[in-house]
Amino acid sequence: MDLGFPWWLRVEHFLNIIFISFLVRSGLEILGTYPKLYRSQHTVPGTSWAQFTVQDEPKHKYYTVGGEDSNYSPRISLPGRGLLGLGRYWHFMAVTGFVTCWVIYFVLLLVTGQWRRYVPTSWDVFSQAGQDMLAYLAFTMPHPVDGMVFNALQQLSYGFVILILTPLVILTGAFQSPAIANHFSRITRALGGRQVIRSTHFLCLLGYVAFFAVHVILVFMHGYLHETSKMVLGHSNNPVVGGVIFSIGLALIVTLHVVATRWTLADGRAVEKLHNVIVRPWSNLLYKLPARMHYDRSNITGKDVGIDNTTHNFRGSGRPPEIAEYLALMANCYEDDYVLEIGGYVERPMTLTIAQLRELAAGHSQTTLHHCVQGFTSIGRWRGITVSDLLDLVKPLPGATDVVYTSFQNMGRDDVLYEGGTYYESTPMVEARMPQTLIAFELNDEGEIPAKNGGPVRLRLETSTGFRSLKWLERIEVTNRYDIILEGRGGFFEDTDFYDRNQLI
């Protein structure tokens, strides 16, 4: 069989240069907002195995995760300047193209018999690959395997990248989705946990970068015009023509990156619209994967990182409200004074104290993994009542579509990192009705939720990234439209930054 370089392989090669380069740059943007890698799912400060920041962690004081980011240059990351939401948009758009290309490529390899170019059919290939390595180190060019377009070392390295590294990067990327990781929680744990998965995903990125560097070196060693002509024309009979066309293609890719970066920094909402067209059709399918996590009580202790105080172990994010009403509740220990208002588009509006919430919850609890959008995780045991049970009590009217949650927190007043007004979030009814969407009033069996973690009462959305699990909950309102509230995007960060309301990935 003459393997050669069929047209579809050449097209996929060019498209993958685009998608992988966008994945790497947008991936660096995501990494930069929490530039630390951990083994433990508790991400306790000071226990990371790698970090990519020059910032020192504050000592002996409370600080939020929002202060741990590093703003990488737009020359390196996409789009740069710490714009995580826009980096996520580009990452997910590139993922859509990359995974689609890989699936098509894999099917074509099987159907056409081209899988032979990557899969050795003899053990002799491995010993020959060692000899090829020695040849390269001696600056001589090894010959292709009989009947192949590659030498043995190339065959094994390309096969590893396409058939092992790529499925691994897709798998570890998928299991960073809160919806996927928390629905298939046993697989998440079997893979080592969310932070091991995140670290492995980063190592895959390094693998691609290393492969790219070596690949480019070998292209020049074998002859730039000769090799690039194969990937343009399918042969090396016209090396100058093929080399020129390939060089123009590379220049166009560089131009595409420059245009994408400048466009994103100039008009983030336009990028958001493009993302919604490309990504939402498949990301909305993840609403069919409700969380079903049930970690053991021992998972929350943090003993793997030398911590026994479970409440201190659960990372805080955001600063507690400084309004007089909330401070008075805190001073009086919440229990007798706090009242949760539930109303809006319902038959039976009501108010509930913590004691009443506790009675209605009837001992219900869930031990779940928290996914911060920046990248940190913590495991906590939450006691509370499901939003679905509360909705059954207040009886939403026909046509009710969404649930809106309002916090005591005012971002412009309470957190120096942000501007804006009251913090709020909203969920479509399908998300509100999920079995682990919870109104929580106790963390880790310690009687209450600490202020830094959103006490006295907070929302838990276990299929979504963490900022949507609203803290310091003041009231709940059922509506038939969320898009007429403030900027109409469904939440504080959705309104003021570049985050999709669908945070299932």
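This is a predicted model: local features need pLDDT of at least 70, side-chain atom pairs count only at pLDDT 80 or more; totals for chains, interfaces and linings use all residues.
The pairing of strand E6 (residues 377-386) with E9 is antiparallel and extends over 5 bridges.

These strands belong to an open sheet of 4 strands. Its order is E5-E6-E9-E10, and the pairing is antiparallel. E5 and E10 stand at the edges. Each has a single partner strand, so one side of each is left without a neighbour in the sheet. Neighbouring strands here are turned by 60° against each other on average, direction ignored. In general, strands of a sheet pair through backbone hydrogen bonds, either parallel or antiparallel.

A further open sheet has 5 strands. The order is E4-E3-E11-E7-E8, and the pairing is mixed. Strand E4 (350-353) and strand E8 (422-428) are the edge strands. Each of them pairs on one side only. Strand E7 (residues 402-410) and E8 run antiparallel and are joined by 6 bridges. Within this part of the sheet, Val 403 has Thr 427 of E8 as its bridge partner.

H14 lies across strand E3 (339-344) and E4. It runs at about 90° to E4. H14 itself covers residues 354-361.

The loops hold several backbone features. Most residues other than glycine have a negative phi, and most peptide bonds are trans. Ala 362 has a positive phi of about 55°, although it is not a glycine. Ala 362 sits in the loop between helix H14 and strand E5 (365-371). Its relative accessibility is 68%, so Ala 362 counts as exposed, the cut-off being over 50%.

Asp 445 likewise is not a glycine, and its phi is positive at about 55°. This residue lies in the loop between E9 and E10. Asp 445 has a relative accessibility of 31% and therefore counts as partly exposed.

The loop between strand E9 (438-443) and strand E10 (458-460) also contains Pro 456. The peptide bond from Gly 455 to Pro 456 is cis. Its omega is near 10°. Another cis peptide bond joins Leu 78 and Pro 79, with omega of about 5°. Pro 79 is placed in the loop between strand E2 (50-51) and H2.

Helix H2 spans residues 84-112 and includes Val 111. With 65% relative accessibility, Val 111 counts as exposed. Val 111 contributes to a nonpolar surface patch of about 440 Å².

Definitions and conventions:
Residues are numbered from 1 along each chain as its sequence is written. Side-chain values use heavy atoms; hydrogens and water are left out. Patches are made of residues with over 30% relative accessible area and no salt bridge: like charges are joined within 9 Å, nonpolar side chains (Val, Leu, Ile, Met, Phe, Trp, Tyr) within 5 Å. Accessible areas come from the Shrake-Rupley method with a 1.4 Å probe; for residues, only the protein chains shown count as cover. A salt bridge is a side-chain nitrogen of Lys or Arg within 4 Å of a carboxyl oxygen of Asp or Glu. Helices (H or I, at least four residues) and strands (E, at least two) are DSSP runs, numbered from the N terminus. Buried means under 20% relative accessible area, exposed over 50%, partly exposed in between (1.4 Å probe, protein chains only). Two strands pair if DSSP finds at least two bridges between them. Axes are lines fitted to C-alpha atoms, for helices over the stretch in contact, and angles run from 0 to 180 degrees between N-to-C directions. Contact means heavy atoms within 4.5 Å.
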